[in-house]
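I opened my notebook to look up charge pairs and nonpolar packing. Here is what I went through.

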Amino acid sequence: MATLPNPLPKLASDPSGRSLGLRLPPGRLIDTTDRGPWHEPLLWHAERAAAPGNWAALGGTSGRAGLVPVLVDLGGSRGGPQQWDLAPADMSYPGDHDAEEVLADLWEEWAAEDEDWPGPAGAPALQADPDVRAAQVADLLAGEGPSWFEAPHLALVPARRSADVPAVIGWSGPVNHEDDTGRLSAVLRSWEDRFGIRVVGIGFDVLAVSVAAPPTTVAEAEAVAAEHFAFCPDNVLQGSGTLKAYAAGLLGEHAWSFWWD
């Protein structure tokens, strides 16, 4: 996959990140993959659990250093990223895929035979600045918000944009649905453009995004629900059971979560 110059190796000799214009707490560089150590760090994560305010304090300066913030879950039975079987060598570049084609392909694979792909959802109006919304959702996940992650820690990833983070680190959480996360990152790029999403949290098989332009009508929510079904069928099949019921939970929601069995 095409990658940018990676600033993380500098943290090996400069753990504070001052040479990158950062002021980092104690942390750890992760280069562990399913095939042994990667040739450079895939991500850095803080040793301390995330707390409200951490994202906002580091997010802006990390962007200037060529790094994207994300929360990674170090809790649960699978531990942190070093136990996730990361596979960066297997991931394609998100920019090589058309998001609508990816969604249509996945829809055809998982939907009933008489259910035609309805096409992509439109773009609702932004209700907040996407980066401000990301910080708000990150604070909720680090505080008393949804319990999607057991032990979220702030991490930094050398990525072009937030949507690329899963592909850059070689995340294999959706492997039972799609083994090339670059294709799913292409969809996330499209959601960045249409819904102002940011990838805020990643666990072993869970992904959370903030949403700055959520659907506000039933029709908009049902169109988004179809995309969610193609992206992550388990959200519907092992959740609400129907697209209409699932869509009702998307109205005005500021965060979306996805889980693959």
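Before anything else, my cut-offs for accessibility: buried means under 20% relative accessible area, exposed over 50%, and partly exposed in between (1.4 Å probe, protein chains only). This is a predicted model, where local features need pLDDT of at least 70 and side-chain atom pairs count only at pLDDT 80 or more, while totals for chains, interfaces and linings use all residues. Residues are numbered from 1 along each chain as its sequence is written, and side-chain values use heavy atoms, with hydrogens and water left out.

Salt bridges. I counted a side-chain nitrogen of Lys or Arg within 4 Å of a carboxyl oxygen of Asp or Glu, and the count came to 9.

I looked up R198 and found its side chain in a salt bridge with D131 at 2.9 Å, N to O. D131 has 48% relative accessibility, so I noted it as partly exposed.

Next I checked E192, whose side chain meets that of R161 at 2.6 Å, N to O. E192 is buried at 12%, whereas R161 is partly exposed at 24%.

My last pair was K244 and E222, at 3.1 Å, N to O. K244 is exposed at 60%, and E222 is partly exposed at 31%. I also saw R161, E192 and D193 joined into one network by salt bridges that share partners.

Nonpolar cores. I took these as sets of buried Ala, Val, Leu, Ile, Met, Phe, Trp, Tyr and Cys residues joined through side-chain atoms within 4.5 Å. The largest has 50 residues, and L207, F231, W256 and F258 have the most contacts inside it. A second, separate core of 26 residues includes L22, L24, W44 and W55.
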